[in-house]
Amino acid sequence: MEAVQVESKGSHGGDADLRTSRNERRSPWGCTLILVSTVLHGMSFFGLATNLVNYFMVELHAGSKSAATSVTNWVGTSSLTPLAAAFLADSFLGRYRTITIFLSICVAGYAVVAATAFAALQTAVFYAGLYLVDLGGAMQSVIVAFGGDQFGDDESERAKQSSFFNWFYFFINVGSLVGGTLLVWVQTAHGFRLGYGILALLAVLAVALFVAGTGAYRRNQPPGGSPLTSIARVVVAAVRKRRVEAPDDAALLHECEGDDGVPAIQGSRRLAHTDQFRFLDKAAVETAGDKGVLPASPWRLCTVTQVEELKCVLRLLPVFACGIIFAAADTQISSTFILQGDTLDPRLGSFRVPAAMLSMFDTLSVMIWVPLYDRAIVPLARRLTGHTRGFTELARIGTGFVLLTIAMLLAGALEVARRRVLALHGTYVGANGAAYVPMSIFWQVPQFVVVGAAEVFTIVGQMELYYGQAPDAMRSVCSGLSSAAFALGNYASSALVVVVVRATARGGSPGWIPDDINDGHLDYFFWLLAILCVGNFGAYLFIARWYQYKKTAD
């Protein structure tokens with residue numbers, strides 16, 4: 001049975017009047033400027049990332065393998081750095097200050113990249129600018145949490161918050177589409193000097209617009225000190241009291257309240273006790289030794305809220321693990337889907353469609369599904385379920401898991417059909433000398449569209465869950481779990497390909513994924529991914545039934 005979900009804001013003044021006044025002070029321009037800043041940042045980032053391999057080869061004269069490795073390392077770093085920025089935001093700097101600082105670092109990075117293109121500076125200088133961009137982009141998970149902070153605790157505010165997460169992901173994809181098409185075209189047609197100069201200008205506009213909204217933002221979430229320290233204290237105190245019996249009555253556990261009725265823990269409101277992970281409750285048992293020492297050592301006696309905050313994090317970890325498998329399958333749009341598309345007929349009239357361009361249908365699918373979900377599906381689901389958001393976060397994430405499974409099945413079915421056409425008609429040689437199966441590349445569109453729908457359900461659902469169910473003082477860090485899952489998912493996908501190649505390419509057999517996939521069985525790999533998705537969904541169903549939403553003690 002699911003507990004009532006709570007969207008606490010972590011303020012110290014826990015009374016309703018204070019929360020209401022904060023809601024009234026929020027300006028709608030605040031969220032608008034956050035979204036506009038996000039799309040400008042996305043245009044800069046994807047305008048750089050999409051065509052970066054060509055800059056390495058054309059301007060820096062790197063080999064194709066070296067260029068691909070450099071881009072892969074850079075993109076991988078960009079997926080992991082958000083956790084570091086999130087830690088700084090939650091622990092020391094606060095979200096607004098962290099975003100401002102890291103956006104400014106981004107500006108410096110793009111300026112160095114543009115200067116390198118203009119002045120033909122050394123490769124080392126370009127790398128410095130490139131990784132400054134990576135470092136500055138680490139604020140992505142922080143800006144997600146900061147956007148969530150702009151909304152209050154009542155039902156109407158929660159609905160608006162859910163809508164904000166939908167449109168936040170929408171604008172990320174707008175930035176991806178414009179950056180990966182229009183800005184890449186500028187670089188190709190007019191040179192990297194102009195192209196990278198535009199990226200730097202967009203980065204300046206992003207930070208300027210964000211700072212311009214300073215007076216419109218709600219900034220009531222103070223940094224709460226290192227969350228790792230609080231977690232460590234609970235674990236140490238529980239281990240020290242491992243022989244102590246935790247009482248059945250949670251009211252007997254220790255909770256420290258301030259004068260305003262909230263716990264004396266910076267950045268957190270008081271949480272209600274839950275029955276999961278009962279061993280950790282021992283940390284909040286007040287023994288005779290604790291009563292004899294005033295104040296009690298925080299490494300021996302913790303509050304119920306501190307214990308529950310650790311429980312919140314532990315509950316999120318299995319969902320995070322399922323997200324890694326989702327990401328491993330989702331990343332096929334930039335790997336095996338491209339391999340499949342490279343063999344299909346790319347002709348559209350007199351135009352030749354590159355296989356990589358079909359990933360645009362994933363982006364377009366997201367841009368269609370977000371307004372459809374926000375304006376049609378949610379209102380209908382709200383009437384049917386009575387839930388403020390239409391679906392619970394867990395139900396939304398699970399729906400995306402199902403859709404991604406369907407996408408893998410579609411890819412496998414297309415590969416079976418492709419192999420049949422290949423067996424019947426062979427290949428033809430295109431004008432560029434490449435061999436193509438006489439089957440249109442646009443048969444891939446359905447699988448890209450379904451992947452886009454899966455992302456709208458799962459990725460945005462993860463944003464909502466990680467923000468809403470994280471400890472109040474750890475929302476930036478927990479919001480970074482989504483990007484961390486995708487980084488690990490990319491690594492898991494690469495590892496899976498290596499394992500499959502080594503396991504199937506034996507005894508003279510080309511294996512499932514040879515250099516020429518016409519000789520392999522890419523369909524078997526898609527079936528394997530579909531099986532992994534089904535197993536992942538089965539495990540997720542168990543986790544969803546077990547999961548308890550956090551509750552405040554108010």
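**Close-up views of rings, helices and a sheet**

**View 1. Tyr 96 and Phe 210 are both buried.** Buried means under 20% relative accessible area, exposed over 50% and partly exposed in between, with a 1.4 Å probe and protein chains only. The model is predicted, so local features need pLDDT of at least 70 and side-chain atom pairs count only at pLDDT 80 or more, while totals for chains, interfaces and linings use all residues. Residues are numbered from 1 along each chain as its sequence is written, and side-chain values use heavy atoms, with hydrogens and water left out. Rings of Phe, Tyr and Trp (its six-membered ring) pair if their centres lie within 6.5 Å; planes under 30 degrees apart count as stacked, over 60 as edge-to-face and the rest as tilted. The count by this rule is 34 aromatic pairs. Tyr 96 and Phe 210 are stacked, because their ring centres are 5.6 Å apart and their planes lie at 25 degrees. Tyr 96 belongs to helix H5 (residues 95-119) and Phe 210 to helix H9 (residues 192-212), so the pair ties together parts 114 residues apart in sequence.

**View 2. Trp 167 and Phe 170 form an edge-to-face pair, because their ring centres are 5.0 Å apart and their planes lie at 70 degrees.** Both residues lie in helix H8 (residues 155-190), three residues apart, which is about one turn of the helix. Helices (H or I, at least four residues) and strands (E, at least two) are DSSP runs, numbered from the N terminus. Trp 167 and Phe 170 are buried.

**View 3. A cluster of rings is linked by ring pairs.** Its members are Tyr 55, Phe 56, Phe 126, Tyr 127, Phe 192 and Tyr 196.

**View 4. The charged end of Arg 475 sits over the ring of Tyr 467.** The distance to the ring centre is 4.3 Å. A charge sits over a ring if NZ of Lys or CZ of Arg is within 6 Å of the ring centre and within 35 degrees of the ring normal.

**View 5. Three strands form an open sheet with the order S1-S5-S4 and mixed pairing.** The edge strands, each pairing on one side only, are S1 (344-345) and S4 (428-429). Two strands pair if DSSP finds at least two bridges between them. S4 and strand S5 (residues 435-440) run antiparallel and are joined by two bridges. Val 429 has Ala 435 in S5 as its bridge partner.
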